[in-house]
Amino acid sequence: MGVSYNRLWKLLIDRNMMKKDLEEAAHLTHYQMYKIANDKHITTDVVFAICNALGVKADDIMEYVPDDTE
């Protein structure tokens, strides 16, 4: 099971925000941003922090990507 944060990057572009702006707004660590940038799994606390900072729902920033083996 995989996850893609492409929706988040498109949202940031639409809002003329940079990754560092999101990091500050959602109070994220550099390591959490690294995980997001590399489509790694993050905790629901991080997802909720991003959603609260941007005023969006979880499915606005991420999507499920099935594995090729499934």
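Tyr31 and Tyr34 both belong to helix α3, where three residues, about one turn of the helix, separate them. The model is a predicted one, and a search of the whole structure finds one aromatic pair in it. The ring centres of Tyr31 and Tyr34 are 6.2 Å apart and the ring planes meet at 20 degrees, so the pair is stacked. Tyr31 is exposed, at 55% relative accessibility, whereas Tyr34 is partly exposed, with a relative accessible area of 46%.

**The nonpolar core**

The largest nonpolar core has 19 residues. Those with the most contacts inside this core are Leu8, Leu22, Leu28, Ile36, Ile50, Leu54 and Ile61. At least two core residues come from each of α1, α3 (30–37) and α4. The largest share, five residues, is supplied by α4.

Ile50 lies in helix α4, which spans residues 44–54, and is buried, with a relative accessible area of 1%. Apart from residues up to four places away in sequence, Ile50 touches Leu8, Leu22, Ala26, Leu28, Ile36 and Ile61. Ile61 is 11 residues from Ile50 along the chain, and the C-alpha atoms of the two are separated by 8.5 Å.

Ile36 is another of the residues with the most contacts inside the core. When neighbours within four places in sequence are left aside, Ile36 is in contact with Tyr5, Leu8, Trp9, Leu28, Ile42, Val46 and Ile50.

Cys51 is also placed in helix α4 and counts as buried, at 7% relative accessibility. Beyond four places in sequence, Cys51 touches Val56, Lys57, Ala58 and Ile61. Cys51 and Ile61 are 10 residues apart in sequence, with a C-alpha to C-alpha distance of 7.9 Å.

**Charged and polar side chains**

Side chains of opposite charge can pair when their charged atoms come close. The structure holds one salt bridge. This salt bridge is formed by Arg7 and Glu63, whose closest N and O atoms are 3.6 Å apart. Arg7 lies in helix α1 (residues 6–14) and Glu63 in strand β2 (residues 63–65), so the pair ties together parts that are 56 residues apart in sequence. Arg7 is partly exposed, with a relative accessible area of 35%, and Glu63 is partly exposed, at 31%.

What surrounds Glu23, a buried residue that has no salt bridge? Glu23 lies in helix α2 (residues 19–25), and the nearest side chain of opposite charge, that of Lys19, is 9.2 Å away. A polar contact of 2.9 Å does join the side chain of Glu23 to that of His30. With neighbours within four places in sequence set aside, Glu23 is in contact with Leu28, Thr29, His30 and Met33.

Ser4 is found in strand β1 (residues 2–4) and is buried, with a relative accessible area of 6%. The side chain of Ser4 makes a polar contact of 3.2 Å with the side chain of Asn6. Residues up to four places away in sequence aside, Ser4 touches Asp39, Ile61, Met62, Glu63 and Val65.

| Pair | Kind | Distance |
|---|---|---|
| Glu23 and His30 | polar contact | 2.9 Å |
| Ser4 and Asn6 | polar contact | 3.2 Å |
| Tyr31 and Tyr34 | stacked rings, between centres | 6.2 Å |

**Backbone features in the loops**

Most residues other than glycine have a negative phi. Asn16 has a phi near 55 degrees, a positive value in a residue other than glycine. Asn16 is placed in the loop between α1 and α2 and counts as exposed, at 70% relative accessibility.

For Asp39, phi is likewise positive and near 55 degrees, again in a residue other than glycine. Asp39 is in the loop between α3 and α4. At 35% relative accessibility, Asp39 counts as partly exposed.

Methods: Residues are numbered from 1 along each chain as its sequence is written. This is a predicted model: local features need pLDDT of at least 70, side-chain atom pairs count only at pLDDT 80 or more; totals for chains, interfaces and linings use all residues. Side-chain values use heavy atoms; hydrogens and water are left out. A salt bridge is a side-chain nitrogen of Lys or Arg within 4 Å of a carboxyl oxygen of Asp or Glu. Helices (H or I, at least four residues) and strands (E, at least two) are DSSP runs, numbered from the N terminus. Buried means under 20% relative accessible area, exposed over 50%, partly exposed in between (1.4 Å probe, protein chains only). Contact means heavy atoms within 4.5 Å. A nonpolar core is a set of buried Ala, Val, Leu, Ile, Met, Phe, Trp, Tyr and Cys residues joined through side-chain atoms within 4.5 Å. Lys and Arg count as positive and Asp and Glu as negative; His and the chain ends are not counted. A polar contact is a pair of N or O atoms within 3.5 Å; within protein, one must be able to donate a hydrogen and the other to accept it, and residues adjacent in sequence count only if both atoms are side-chain atoms. Rings of Phe, Tyr and Trp (its six-membered ring) pair if their centres lie within 6.5 Å; planes under 30 degrees apart count as stacked, over 60 as edge-to-face and the rest as tilted.
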